[in-house]
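Please open the structure in your viewer and keep the selection tool at hand.

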Amino acid sequence: MNATTTRGALLAALACVLVGGSFTANSLLGDYPYAGGQFLRYGLACLLLVPLAGKGATARLRALTPRQWVRLALLAAVGMVGFNLAVIAAERTAEPAVPGVFVGCAPVVVAVLVPLLDGRGPQREVLYGALLVAVGACTVQGWGRTDGAGIAFSVCALAGEVGFAVLAVPVLRPLGPRLLSATVCAVAALESAAAGLLADGAGWLRRPDAVETSALLWQAVVVTVVGFVCWYMGMQRIGAERATLFSGLIPVAAACTAPLVGTGSYGLAQAAGSALVGLGVALGSGALTRTGGGGPSVIRADGRTPPAAAFRGNGSPEGHGDAASGMPE
């Protein structure tokens, strides 16, 4: 792994660890109106991200096509609002381990789905690594208390995690990680407000208590602002398939933080599963193999990508150069 790939892996890993901690924070928001909580979280995150969007942000947004705006709306609805709704709903009848296990299987789905959408076969090392990550995730979390509804909503959370990576690939290049994060947070806040007004009427938003405020601030500032930017910066460098391998760290982080609020424990099984996740990530990300040259892509001054540095459909880079120098961040 070269320096850029290593940075991308570390950024994706940090993002997923932060998301894993949010599973525990979600368990503290079971009594707070869902849509109102998401509105506060994403609205605050958007306000914090806008100053970081960089120069030319308005021009980049105006250059988006209607199809790209639809993709952004789907990304916010499926990968953000829908994902968190599914996790919160699952945790009303299931321990945090259950949605964590399903989300930990996202690397397998992405390792198969993204190449199919790109008209090619899965990369063997990525697929094998993804399978190890999924087995490790199941080992970490075990199978906590749940029911049919908990399982169903956990499957929806898996779909949201997959969508959060796959739907972002075509809009990551023109917007960059920071502007993409700010834009989807704004869209998600609007979608949450609309859903709250339709579903809960005047009761969609209320003043959170001290515990709920702490959980919402953690999700807005740490998980969303820091986590989203790190995730998309990592995906920009190593591609969607390899970045999603690191979602196996989500159940590891959930298992590590659950004892802090009395919703789980960490023991020998969790340690063994964590080791499997680490091995799978190392295998699938290429850390165990020596590769020569492949680096990230660059963009010419006219905004077009040179053939030698073209992205594959999964967003994984080819060619040489420094991604930070050519792509907006």
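How many salt bridges does the structure hold? This predicted model holds 3 salt bridges. Side chains of opposite charge can pair when their charged atoms come close.

**First stop: E241 and R120**

Select E241 and R120, whose side chains meet in a salt bridge with an N to O distance of 2.6 Å. E241 belongs to helix 11 (residues 240-245), while R120 sits in the loop between helix 6 (106-117) and helix 7 (124-141), so the pair ties together parts that are 121 residues apart in sequence. Is E241 buried or exposed? Its relative accessibility is 1%, so E241 counts as buried. R120, with 23% relative accessibility, counts as partly exposed.

**Second stop: R242 and E125**

Next, select R242 and E125. Their side chains also form a salt bridge, at 3.1 Å from N to O. Which parts does this pair connect? R242 lies in helix 11 and E125 in helix 7, so the contact ties together parts that are 117 residues apart in sequence. R242 counts as buried, at 16% relative accessibility, because the limit for burial is under 20%. E125 is partly exposed, and its relative accessible area is 32%.

Finally, select R206 and E212. The side chains of these residues meet in a salt bridge of 2.9 Å, N to O. With a relative accessible area of 34%, R206 is partly exposed. E212, in contrast, has a relative accessible area of 5% and is buried.

How values were computed. Residues numbered from 1 in each chain as written. Predicted model: local features only at pLDDT ≥ 70, side-chain atom pairs only at ≥ 80, totals over all residues. Heavy atoms only, no water. Salt bridge = Lys/Arg side-chain N within 4 Å of Asp/Glu carboxyl O. Helix = DSSP H or I, 4+ residues; strand = E, 2+ residues; numbered from the N terminus. Buried < 20%, exposed > 50% of the residue type's maximum accessible area, 1.4 Å probe, protein only.
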